[in-house]
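Here is a friendly briefing to read with the structure open beside you. Take it one topic at a time and look for each part as you go.

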Amino acid sequence: MDFYISWSHSDANFIDYFPDCFMLVSAVPDNRGSLRRFQKKPRKLLVDCGSVYYVKQKERPSLKEVYDIQASIYDGCPVSTEVTLVHFDEPMLYKETLSQKYYSMERTLFNANEYITLINSFKDERLSCMGVIQGFDEASIIYSAFELQKMGYKKFGIGSLLKKNLSEQIAIIKLASNIVGASNLHVFGVTGLLPIKTMIDLGIASCDSTRPTMAAAFYQVFYSNPFRTFYLAESHAKPSSPNRLESPLPCLCPICKNNANEILIPSPREYMRLRSVHNYFHLTEEINEMKRNKGVV
Ligand SMILES: [Zn+2]
């Protein structure tokens, strides 16, 4: 299973430290052209549509406006970069009634169809499209997946799982995998190690997470083998937690090799970025260990 770091313009430049880092970048205005400043480019880039951002705005952008931001993100990547573009979806977020949910699903499918037609018209071989499977119950998820297949989608993503408990998440992922095949399915916005392990077991193609960055912002430091999370002793975060880190533990990440004490400095933001690079190293170490145990590396 490929792990993508969900990245935004003010985050650490993970790719500078880890050439094998795969990135998910959302097509929100602040991320426009954001990869241009990187000397190294990711080998795999997933360009999301930013719909969770746009759903909070007064007006939705047009399909072309979203695509233009997406193009500015992958623009400048070499032909060797595998670019996957996610069509604009209408998130189920804030949708309460059945008719609102049904409208979201139909709107998403309509966008998906227009989008794949647009991308196919470019005849650019490095681009592929990912269809967002969206539904509010079993029947609608099945319907959504079948409709995307009919449009010609070969890669699929499933999201909006954050508010569900683990067994509900797994049930939805399994349901979608049964239709489109686990090896064609990406799971958006994963945070826990348990769901990650389950997805590796299921043979899911890929997932993404902001967790290394979010944890760093909340003064958390990861270590792997075994995986542990500590709070910075100098921060006020979670004072009740006994897992407070006074001094750094041995670590082979690029930041600690240089000066391990820097990851323990709560702020300003540049130290949070260094901590997120350290956290990325340990999260991916843990994922790689899970993959080795499963025998898929
Ligand atoms: Zn480190």
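## The nonpolar core

The largest nonpolar core has 76 residues, and the members that touch the most others are Met-23, Val-47, Phe-156, Ile-158, Ala-176 and Val-187. A nonpolar core here is a set of buried Ala, Val, Leu, Ile, Met, Phe, Trp, Tyr and Cys residues joined through C-beta atoms within 7 Å. A residue counts as buried if 20 or more other C-beta atoms lie within 10 Å of its own, as exposed if 12 or fewer do, and as partly exposed in between, with C-beta atoms placed from the backbone.

This is a predicted model, where local features need pLDDT of at least 70 and side-chain atom pairs count only at pLDDT 80 or more, while totals for chains, interfaces and linings use all residues. Residues are numbered from 1 along each chain as its sequence is written.

- Helix 10 gives the largest share of this core, eight residues.
- Domain 1 (2–209) and domain 2 (219–294) both give residues to this core, so it lies between them.
- Val-187 touches Ile-158, Ile-173, Met-199, Ile-204 and Cys-207, not counting residues up to four places away in sequence.

**Two domains**

- The domain assignment of the chain gives domain 1 (2–209) and domain 2 (219–294); such bounds come from an automatic or database domain assignment.
- The C-alpha centres of domain 1 and domain 2 are 28 Å apart.
- In domain 1, 12 residues are in contact with 12 residues of domain 2, where contact means that the C-beta atoms of two residues, placed from the backbone, lie within 7 Å.
- On the side of domain 1 that touches domain 2, the elements that give two or more residues are strand 1 (2–7), helix 1 (14–17) and helix 7 (193–202). Helices (H or I, at least four residues) and strands (E, at least two) are DSSP runs, numbered from the N terminus.
- Helix 7 gives the largest share of that side, five residues.
- By class, the side of domain 1 that touches domain 2 has nine nonpolar, no polar and three charged residues. In this scheme Ala, Val, Leu, Ile, Met, Phe, Trp, Tyr, Cys and Pro count as nonpolar, Asp, Glu, Lys and Arg as charged, and the others, Gly among them, as polar.

**Strand 3 and its partners**

- Four of the five residues of strand 3 (residues 44–48) are buried, so this strand is largely enclosed by the rest of the structure.
- Strand 2 (residues 22–26) pairs with strand 3 in the parallel sense over four bridges; strands pair if DSSP finds at least two bridges between them.
- Leu-24 stands opposite Leu-46 in strand 3.
- Strand 3 also pairs with strand 4 (residues 82–86) in the parallel sense, over four bridges, and Val-47 has Leu-85 in strand 4 as its bridge partner.
- Is Asp-48 buried or exposed? Asp-48 is buried, with 31 other C-beta atoms within 10 Å, and it lies in strand 3.
- Asp-48 and Ser-26 are 22 residues apart along the chain, but their C-alpha atoms are separated by 4.4 Å.

- An open sheet of three strands has the order 9-10-11, with mixed pairing.
- Its edge strands, strand 9 (220–223) and strand 11 (244–245), each pair on one side only.
- Strand 9 pairs with strand 10 (residues 228–232) in the antiparallel sense over four bridges, and Gln-220 has Tyr-231 in strand 10 as its bridge partner.

**Helix 4**

- Helix 4 (residues 98–122) has buried residues including Ser-104, Leu-109 and Tyr-115.
- The cover over the buried residues of helix 4 includes helix 3 (63–74), strand 5 (127–133) and helix 5 (138–151).

**Backbone details to look for**

- Most residues other than glycine have a negative phi, and most peptide bonds are trans.
- Lys-123 has a positive phi of about 50° although it is not a glycine. Lys-123 is exposed, with 7 other C-beta atoms within 10 Å.
- Tyr-219 has a positive phi of about 60° and is not a glycine either. Tyr-219 is buried, with 22 other C-beta atoms within 10 Å.
- A cis peptide bond joins Asn-225 and Pro-226, with omega about 0°.
- The peptide bond from Ser-267 to Pro-268 is cis too, with omega near 5°.
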